[in-house]
Amino acid sequence: MSTTTISIPSIKDVPQGRLGVWVLIAGELIIFGGLIACYILYRLRYPEWGEQAAHTSTPLGALNTIVLLTSSFTVVMSHTASIKKQLNKIVLWMSATIGLGLMFLVVKSIEYTNEISHGFTLTSPSLVAKGESVGANFWSFYYLATGLHALHVIVGMLILFIVMMGARKGKNLHRVELGGMYWHMVDIIWIFLFPLLYLAK
């Protein structure tokens with residue numbers, strides 16, 4: 001009678017690169033989780049935050065949500081292409097992902113321009129002058145959270161570009177998956193920010 005030995009995978013079996021990205025993602029989620037928790041507490045305590053959120057552009061926010069969700073699809077397709085070692089398709093799908101990231105930043109810049117033109121800035125002095133300092137705090141949070149997220153989009157685009165340059169030569173194809181993991185984290189964070197800043201008015 002033969003016996004089969006079943007080995008239980010341990011953390012040592014996880015590739016170091018993938019483990020490193022997971023640790024990075026965990027750290028980022030803690031940072032943004034803290035920001036989101038702060039927002040919810042302030043939103044529940046001060047109804048003025050809801051009044052200020054009414055000034056954010058839901059159509060532009062929704063457009064950026066669609067853009068990022070589409071980029072999740074393209075980065076998955078680049079991973080699929082890397083498994084099949086289809087170098088041209090990796091470059092194609094990663095270029096599309098980077099392009100969508102750039103589109104997200106352009107839409108965000110349009111939003112910032114509109115909001116600043118109406119006096120909604122990091123410190124919103126016009127609101128403070130009217131005694132609406134609590135409302136001004138909303139915009140401080142808004143620019144901090146969305147600005148930090150936009151910074152992560154830029155970093156993600158740089159990572160994908162570097163990975164793509166190597167992948168087009170057939171080098172380090174496993175990094176396509178790692179870059180995709182980081183990009184998905186950026187998408188997920190936005191999925192939480194969008195309803196808080198654009199829909200909860």
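Trp139 counts as buried because its relative accessibility is 0%, where buried means under 20% relative accessible area, with a 1.4 Å probe and protein chains only. This is a predicted model, in which local features need pLDDT of at least 70 and side-chain atom pairs count only at pLDDT 80 or more, while totals for chains, interfaces and linings use all residues. Residues are numbered from 1 along each chain as its sequence is written, and side-chain values use heavy atoms, with hydrogens and water left out.

Phe138 is also buried, at 0% relative accessibility, and Tyr143 is buried as well. Rings of Phe, Tyr and Trp (its six-membered ring) pair if their centres lie within 6.5 Å, and planes under 30 degrees apart count as stacked, over 60 as edge-to-face and the rest as tilted. The whole structure holds 19 aromatic pairs, among them the two below.

| Pair | Centre to centre | Angle between planes | Class |
|---|---|---|---|
| Phe138 and Trp139 | 5.1 Å | 90° | edge-to-face |
| Trp139 and Tyr143 | 6.4 Å | 40° | tilted |

Trp139 and Tyr143 both lie in helix α6 (residues 133–167), 4 residues apart, which is about one turn of the helix; helices here are DSSP runs (H or I, at least four residues), numbered from the N terminus. One aromatic cluster includes Phe138, Trp139 and Tyr143, and Tyr39 is also one of its members.

Tyr39 belongs to helix α1 as well, where Tyr39 takes part in the contact (heavy atoms within 4.5 Å) with helix α7.

How values were computed
Helix = DSSP H or I, 4+ residues; strand = E, 2+ residues; numbered from the N terminus. Buried < 20%, exposed > 50% of the residue type's maximum accessible area, 1.4 Å probe, protein only.
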